[in-house]
Amino acid sequence: MPQQPPLIAPSLLAADFARLGEEVAAIEKAGADWLHLDVMDGHFVPNISFGPVVVKALRKHTKMPFDLHLMIAPVDPYLTAFADAGVDHIIFHPEAGPHPHRTLQVIHGLGKKAGLVLNPGTPIEHAATVIDLLDIILVMSVNPGFGGQKFIHSQLEKIAALRRLIDASGRDIRLEVDGGIDPHTAPACIAAGADTFVAGTAVFGAPDYAASIAAIRGGTQG
Ligand code: DX5
Ligand code: ZN
């Protein structure tokens, strides 16, 4: 079965925060498909990153879709602010609140694509029960909170199970993987059925952003 090359969503978390506008323009020029934005509250995860003000400031620097990964609890009070800041996808953790189905409805009501993200210890059933409302399923291949961690191989089976679930649903859902992705870990994820990659350290830590993005996509040797 012919496969499309995977989409690459560099994570801003690994960029130079003193030069964010330039960094975003550089990865767009280097061939990135989406910009992945990791929002952390120091409560749901043990780190703090940035909020809607930074997202809004970056919106005018690129045409890339903004792929918002919320690592905050609660989620609902902040959805409108991020939607107004110009994000395209809003992805959240089911553990962040008691009503993930309602949150997905609100995201769609704001005119945005909606996604659920599954931690390494979170079962796929969370996605299965709301699959009719999902545009993206994000598999964490590290525990969320920090960039630069080691890929957790046990998540490959989960990716394969989610691929079967998505195919059985007949819905157009992106299967995205986040954490420890580089040219060495991406191929096994592709084989398991992933079609979209977040990569922080592997892109922004590389001397040549375009070469790194191409290597993760599989177009060149990594
Ligand atoms: C971790 C974040 C990731 C992170 C990935 O909580 O969700 O998006 O930035 O960083 P790398 O690619 O360095 O593992
Ligand atoms: Zn992320």
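Biologist: What is the volume of the second largest pocket?
Modeller: This is a predicted model, in which local features need pLDDT of at least 70, side-chain atom pairs need 80 or more, and totals for chains, interfaces and linings use all residues. Residues are numbered from 1 along each chain as written, chains are lettered from A and ligands numbered from 1 in written order, and side-chain values use heavy atoms without hydrogens or water. A pocket is an open set of 1 Å grid points over the protein atoms alone, where a 1.4 Å probe fits, with protein on both sides within 12 Å along at least five of seven lines. Filled by probe spheres set on its points, the second largest pocket comes to about 330 Å³.

Biologist: Which residues are closest to the centre of the second largest pocket?
Modeller: The lining (an atom within 4 Å of a point) holds 26 residues. Elements giving two or more of them are β2 (35–40), β3 (66–71), β8 (196–199) and α8 (201–204). The closest to the centre are Gly147, Gly148, Gly180, Gly200 and Thr201.

Biologist: Where does ligand 1 sit?
Modeller: The test for sitting is that more than half of the ligand's atoms lie within 2 Å of the grid points. Ligand 1 sits in the second largest pocket.

Biologist: Which element gives the most residues to the shell around ligand 1?
Modeller: There are 20 residues around ligand 1 (a heavy atom within 4 Å), and Asp38, Gly145, Asp178, Gly200 and Thr201 come nearest. β2, β3 and β8 each supply at least two residues of the shell. With three residues, the most comes from β2.

Biologist: How much of the accessible area of ligand 1 does the protein cover?
Modeller: Oxygen atoms of ligand 1 lie 2.8 Å from a polar side-chain atom of Asp38 and 3.2 Å from one of His69. A polar backbone atom of Gly200 is 2.7 Å from an oxygen atom of the ligand. Of the 380 Å² that ligand 1 has on its own (Shrake-Rupley, 1.4 Å probe), the protein covers 99%.

Biologist: Is the peptide bond from Ala73 to Pro74 cis or trans?
Modeller: Pro74 is placed in the loop between β3 and α3 (79–85). Omega is near -5 degrees, and the bond is cis.

Technical notes:
Helices (H or I, at least four residues) and strands (E, at least two) are DSSP runs, numbered from the N terminus. A polar contact is a pair of N or O atoms within 3.5 Å; within protein, one must be able to donate a hydrogen and the other to accept it, and residues adjacent in sequence count only if both atoms are side-chain atoms.
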